[in-house]
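Subject: Structure handover

Hello,

Here is the structure I said I would pass on. Please open it alongside this message; my notes follow below.

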Amino acid sequence: MSFFISDALAEAAPAAGQPGIEGMLFPLGILVFFYFLFLRPQSKRAKEKKEMLATLKKGTEVVTSGGILGKIVDFDENFLKIEICDNTFIQVQRQSVENMMPKGTYKAVAKKTSLIKE
């Protein structure tokens, strides 16, 4: 009978080996996937916005994050003074600017809204 017990003990204790490089490929693949899917595009957008904010000047037509279209009439390092209508100005933080619009957009929209009022 003792020969059955020794065989069972030998089969029950498999050799526990260290996982090799094969065990790390899947987690590393997931990390690379998330980098290219989320982190890289986000940092690219942040860099583009920073460059856009650095190029703002008087007369530039912009849209804020709240959707307000206007023309920059004055600015400093933190705030912009934007004309949104004839002699109507607002001050917004520089970071709230989302897009620069093509030249003439502000006048075209102002003209369209003045036609609606008439």
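Predicted model: local features only at pLDDT ≥ 70, side-chain atom pairs only at ≥ 80, totals over all residues.

The phi angle of Asn87 is near 55°, a positive value in a residue other than glycine. As background, most residues other than glycine have a negative phi. Asn87 is exposed, with a relative accessible area of 69%.

Overall layout

The protein has three helices and five strands. Followed along the sequence, these elements give the pattern α-α-β-β-β-β-β-α. There are 118 residues in the protein, and buried residues make up 18% of them. The accessible surface comes to about 9,700 Å², with 62% of that belonging to carbon and sulfur atoms. Taking contacts between residues at least 6 apart in sequence, 41% join residues at least 24 apart.

In soluble globular proteins, nonpolar side chains tend to be buried together. Here the largest nonpolar core has nine residues: Met52, Leu53, Leu56, Val62, Ile72, Leu80, Ile82, Val92 and Val97. Both α2 and β3 supply at least two residues each to this core. Apart from its neighbours within four places in sequence, Leu80 is in contact with Leu56, Ile72, Val92 and Val97, among others. The contacts of Leu80 also include Asp74, Arg94 and Gln91.

Charged side chains

Side chains of opposite charge can pair when their charged atoms come close. How many salt bridges does the count come to? The count is one. That salt bridge joins the side chains of Glu98 and Lys49, at 3.4 Å from N to O. Glu98 lies in strand β5 (residues 97-100) and Lys49 in helix α2 (residues 21-54), so the pair ties together parts that are 49 residues apart in sequence. Glu98 is partly exposed, at a relative accessible area of 38%. Lys49 also counts as partly exposed, at 24% relative accessibility.

Glu61, in strand β1 (residues 61-64), is another case to look at. Glu61 is buried yet has no salt bridge. Its nearest side chain of opposite charge is Lys103, 5.3 Å away, and a salt bridge would need a nitrogen and an oxygen within 4 Å. What does the side chain of Glu61 reach at 3.2 Å? It reaches the backbone nitrogen of Gly104. Leaving out residues up to four places away in sequence, Glu61 touches a run of residues that includes Pro102, Lys103, Gly104, Thr105 and Tyr106. Gly70, Lys71 and Asn99 are also among the residues touched by Glu61.

Around helix α3

Thr105 is found in helix α3 (residues 105-117). Is Thr105 buried or exposed? At 18% relative accessibility, Thr105 counts as buried. The side chain of Thr105 reaches the backbone oxygen of Pro102 at 2.7 Å. Beyond its neighbours within four places in sequence, Thr105 is in contact with Glu61 and Leu69.

Ala110 lies in helix α3 as well, and at 36% relative accessibility Ala110 counts as partly exposed. Ala110 and Leu69 are 41 residues apart along the chain, while their C-alpha atoms are separated by 9.8 Å.

Two loop positions

Gly59 sits in the loop between α2 and β1. Gly59 is buried, with a relative accessible area of 19%. Not counting residues up to four places away in sequence, Gly59 touches Lys71, Ile72 and Lys103. Gly59 and Lys103 are 44 residues apart in sequence, and the distance from C-alpha to C-alpha is 8.9 Å.

Glu77 is in the loop between β2 (69-75) and β3. Glu77 is exposed, with a relative accessible area of 67%. The C-alpha atoms of Glu77 and Gln93 are separated by 9.3 Å, and the two residues are 16 apart along the chain.

To look at first

I would open the view at Glu61, which is buried and has no salt bridge, and then go to Glu98 and Lys49, whose side chains meet in one.

Regards

Conventions
Residues numbered from 1 in each chain as written. Heavy atoms only, no water. Buried < 20%, exposed > 50% of the residue type's maximum accessible area, 1.4 Å probe, protein only. Helix = DSSP H or I, 4+ residues; strand = E, 2+ residues; numbered from the N terminus. Core = buried A, V, L, I, M, F, W, Y, C linked by side-chain atoms within 4.5 Å. Contact = heavy atoms within 4.5 Å. Lys, Arg positive; Asp, Glu negative; His and termini not counted. Polar contact = N/O pair within 3.5 Å; in protein donor to acceptor, adjacent residues only side chain to side chain. Areas by Shrake-Rupley, 256 points an atom, 1.4 Å probe, with all protein chains shown as cover.
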